[in-house]
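The following paragraphs lead the reader through a single protein model. Please keep the sequence and the coordinates at hand while reading.

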Amino acid sequence: MGIIEKISTILFPKECPVCGKILVSGEDIFCTECLLNFPWSDPDFQSLGLYFKTLPIEISPEKLFSLFNYTGGADTKNLLFAIKYHNRPKLAYQLGLILGE
């Protein structure tokens, strides 16, 4: 890490997009506590769901995959808001990598 990156890290520390805590060494996107406490969904979750059965057949998905369970009051709401409203595409990319694993 160069001197400019070190100064930047001191002046503008990275925060966890879920809880807002300052990230420590070894944490890149999310803090360890949030990663451990994410409401991860069942990795085998696959469903058409009742809502998708009402769609026209040409746009109806075959399967759905969910990385984590989302509820309105959950901390993961902050994560989705950061992606949607605070221009944080790197978060979406990281979540895609996790989902791909």
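In this predicted model, a search of the whole structure finds two salt bridges. One of them joins the side chains of Asp 28 and Lys 14, with an N to O distance of 3.4 Å. Both Asp 28 and Lys 14 lie in the loop between α1 and α2, so the pair ties together parts that are 14 residues apart in sequence. Asp 28 is partly exposed, because its relative accessible area is 40%. Lys 14 likewise counts as partly exposed, at 46% relative accessibility.

The other salt bridge is formed by Lys 21 and Glu 33, whose closest N and O atoms are 2.5 Å apart. This pair links distant parts of the chain, since Lys 21 is in the loop between α1 and α2 whereas Glu 33 belongs to helix α2, 12 residues away. Lys 21 has a relative accessible area of 42% and is therefore partly exposed. For Glu 33 the relative accessible area is 46%, which means that Glu 33 is partly exposed too.

Glu 27 is placed in the loop between α1 (3–11) and α2 (32–37). Once neighbours within four places in sequence are left aside, Glu 27 is in contact with Ile 22 and Thr 32.

The loop between α1 and α2 also holds Cys 19. With a relative accessible area of 33%, Cys 19 is partly exposed. Not counting residues up to four places away in sequence, Cys 19 touches Cys 31 and Cys 34. The C-alpha atoms of Cys 19 and Glu 33 are 9.2 Å apart in space, and these two residues are 14 positions apart in sequence.

Attention now turns to another part of the chain. Helix α4 (residues 76–85) packs against helix α5 (residues 89–100) at an angle of about 125°, and their axes are 7 Å apart. Because of this angle, α4 is oblique to α5. On the side of α4 the contact is made by Leu 79, Ala 82 and Ile 83, and on the side of α5 by Leu 91, Ala 92 and Leu 95.

Asn 87 is found in the loop between α4 and α5. Most residues other than glycine have a negative phi. Asn 87 is not a glycine, yet its phi is positive, at about 50°. Is Asn 87 buried or exposed? At 67% relative accessibility, Asn 87 counts as exposed.

These local views can be set within the whole protein. Its secondary structure comes to five helices and zero strands, and from the N terminus on the elements run α-α-α-α-α. The protein has 101 residues, of which 20% count as buried. Of the contacts with a separation of 6 or more, 38% are accounted for by residues 24 or more positions apart.

Terms used: Residues are numbered from 1 along each chain as its sequence is written. This is a predicted model: local features need pLDDT of at least 70, side-chain atom pairs count only at pLDDT 80 or more; totals for chains, interfaces and linings use all residues. Side-chain values use heavy atoms; hydrogens and water are left out. Helices (H or I, at least four residues) and strands (E, at least two) are DSSP runs, numbered from the N terminus. Contact means heavy atoms within 4.5 Å. Axes are lines fitted to C-alpha atoms, for helices over the stretch in contact, and angles run from 0 to 180 degrees between N-to-C directions. Angles under 35 degrees count as roughly parallel, over 145 as roughly antiparallel, 65 to 115 as roughly perpendicular and the rest as oblique. Buried means under 20% relative accessible area, exposed over 50%, partly exposed in between (1.4 Å probe, protein chains only). A salt bridge is a side-chain nitrogen of Lys or Arg within 4 Å of a carboxyl oxygen of Asp or Glu.
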